[in-house]
Every structure is written in structure tokens, then in C-alpha cells.
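Welcome! Take a look at the chain below, then work through the exercises one step at a time.

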Amino acid sequence: MTEDTAPAGMPRLDKLDREECLRLISPGGVGRVAFNNPTGPVILPVNYTIEQGAVLFRTALGGPMDADLRTGIEGADFMVAFEVDHIDESTREGWSVLMRGGAHHITGDVNKNAVESWAGGDRPLYIRISPNEVSGRRIQHA
């Protein structure tokens, strides 16, 4: 049985194209950034927005995403993964979007009201993830 040939009444897992993935995550909200640091894999939640097909979020100076996502080499970026999902446990349906690409510290002008951080505190560092891969899946009942 393939993803597209599930019998009637059974859950079906469909691949989403890039445009549908971006449509689903474009309202912003909470997503998760995954990256490696010197002690191993890390996944952290962030408040984000989408600007021109890229993810934008804020973080604290000196925090894990500041230090761990700096290569020290001009033009070289750390590759990260960014994931957003929506799950309805009552219907057992939902979707998941995964973006992978380079994380860029923003040093120029940025819309300071673009992202509100729920965590509060001083979060003056903006990071943009420019995706080179966008994929997603939706599970639904036929």
C-alpha cells in the first residue's frame, strides 16, 4: 500500500508541494529549530514569521542560537532544520512542514515588529533561515 492508495476510511499520508507548505506556515506562530552544537543535536522552539519565503525569528545575544550558529567565516552558514506542525488529536489528522537551509544572523535593517517573542526578555538578535529544501506531509482520513 502506498501513501496515495490507502483503502477508503483508512488514513492517507499525502506529500505537500512547496507552495502548500509555505501557505500553511505563513501565518507564523511557533516552530522548532534543529541544529548541532558541540555537545550534540539541539531542538529549540521559536516564535517566527515568514518573510519572502524565509523564516525569521528573534533570540538572545550570547544564547545557544547566537554562539552555536556562528561559523566565524564570512558567507559560511550553519545548516539547520525548521519544523512546524498542526495536529488535531481528536480527528487524528494534521500536517507537518520541514525546511532546511542556512541560518543567517541579520545585521542590517529588520522590521522590529515582525516577530514577538513569547519568552520575553531582551532578544535583539534576528536570524533568518533561507530554505534550500521545503517539504511537508498531511495525514487525513479519506
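**Exercise 1.** Among contacts in the chain between residues at least 6 apart in sequence, what percentage join residues at least 24 apart?

*Solution.* Start with the term: a contact means heavy atoms within 4.5 Å. Then take the contacts between residues at least 6 apart in sequence: 64% of these join residues at least 24 apart.

Before you go on, note that this is a predicted model, where local features need pLDDT of at least 70, side-chain atom pairs count only at pLDDT 80 or more, and totals for chains, interfaces and linings use all residues. Residues are numbered from 1 along each chain as its sequence is written, and side-chain values use heavy atoms, with hydrogens and water left out.

**Exercise 2.** Find which helix has the highest mean pLDDT among the elements of the chain.

*Solution.* First, pLDDT is the predictor's confidence in each residue, from 0 to 100. Next, compare the elements: helix H1 (residues 18-25) has the highest mean, 96, while helix H2 (residues 64-67) has the lowest, 80. Helices (H or I, at least four residues) and strands (E, at least two) are DSSP runs, numbered from the N terminus.

**Exercise 3.** Work out how strand E7 pairs with E1, E4 and E6.

*Solution.* Two strands pair if DSSP finds at least two bridges between them.

- Step 1: E1 (residues 11-16) runs antiparallel to E7 (residues 125-141) over six bridges, with Lys15 opposite Arg137.
- Step 2: E4 (residues 54-59) is joined to E7 by five bridges, also antiparallel; Val55 has Ile129 as its bridge partner.
- Step 3: E6 (residues 93-105) pairs with E7 in the antiparallel sense over 12 bridges, and His105 partners Ile127.
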